[in-house]
Amino acid sequence: MDIRHFFAILTTAATTIISTAQKTAWSYTDCINYARQNNISLQQSAISEQVATENLLQSKAEWHPTLDFATSHSYSNYPWGEQSSKNTYSSNYGLNTSWTVWNGQQRENTIKRDKIQTEISKLNTVDIFRTLETDLLQVYINILNAFSNLALTQQWK
């Protein structure tokens, strides 16, 4: 294959790509927005960030007392009994509360750990997004460079 034939094939392919790209032209911002919404690693990191935030809230909630309420009811009907009242109703109610006064700094250390884990998750999400932006910028610049080279090649003909 000679060089003219190679450039003819390359020009035809590039022209097809350009005509397709012109129908659906994306700016760099469009690429970033699409990647932000559809990148799996970024979505997983955002979910990890939410889990870390919820863990921190749960750790902080351990400082509050707990309150439990329980109830049970029963109703009985004795249609054939000799009792003066053939229906009986009974109920039990229970209310329990508890609060841990001191547990050897475990709650405080858990809160500190969860705060750090939350920050790590946030920074990981930012890192993944910045890496994604950088990779997209590199590809976007390469595409613009290819279009520029193609335009120069078509001018030389």
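A crossing is called left-handed if the near helix is turned anticlockwise from the far one by less than a right angle, and right-handed if clockwise. In this predicted model, local features need pLDDT of at least 70 and side-chain atom pairs count only at pLDDT 80 or more, while totals for chains, interfaces and linings use all residues. Residues are numbered from 1 along each chain as its sequence is written, and side-chain values use heavy atoms, with hydrogens and water left out.

Helices (H or I, at least four residues) and strands (E, at least two) are DSSP runs, numbered from the N terminus. H2 passes H4 in a right-handed crossing. The contact (heavy atoms within 4.5 Å) joins Tyr-28, Cys-31, Ile-32, Ala-35 and Arg-36 of H2 to Phe-129, Leu-132, Glu-133, Leu-136, Leu-137 and Tyr-140 of H4. These residues comprise 9 nonpolar, no polar and 2 charged. Here Ala, Val, Leu, Ile, Met, Phe, Trp, Tyr, Cys and Pro count as nonpolar, Asp, Glu, Lys and Arg as charged, and the others, Gly among them, as polar.

The axes of H2 (residues 28-38) and H4 (residues 106-156) come within 10 Å and cross at roughly 140°. Axes are lines fitted to C-alpha atoms, for helices over the stretch in contact, and angles run from 0 to 180 degrees between N-to-C directions. H2 and H4 are therefore oblique to each other; angles under 35 degrees count as roughly parallel, over 145 as roughly antiparallel, 65 to 115 as roughly perpendicular and the rest as oblique.

## Helix H2 against helix H3

H2 also packs with H3 (residues 40-61), at an angle of about 55° and with the axes 6 Å apart. Ala-35, Arg-36, Gln-37 and Asn-38 in H2 meet Ile-40, Leu-42 and Gln-43 in H3. By class, this contact has 3 nonpolar, 3 polar and 1 charged residues.

## Aromatic pairs

The whole structure holds 2 aromatic pairs. Rings of Phe, Tyr and Trp (its six-membered ring) pair if their centres lie within 6.5 Å; planes under 30 degrees apart count as stacked, over 60 as edge-to-face and the rest as tilted. The rings of Tyr-28 and Tyr-140 have centres 5.9 Å apart and planes at 55°, so this pair is tilted. Tyr-28 lies in H2 and Tyr-140 in H4, so the pair ties together parts 112 residues apart in sequence. Tyr-28 is partly exposed, at 25% relative accessible area (buried means under 20%, exposed over 50%, partly exposed in between, with a 1.4 Å probe and protein chains only).

The rings of Phe-69 and Tyr-93 have centres 6.5 Å apart and planes at 25°, so this pair is stacked. Phe-69 is in strand S1 (residues 66-77) and Tyr-93 in strand S2 (residues 87-98).
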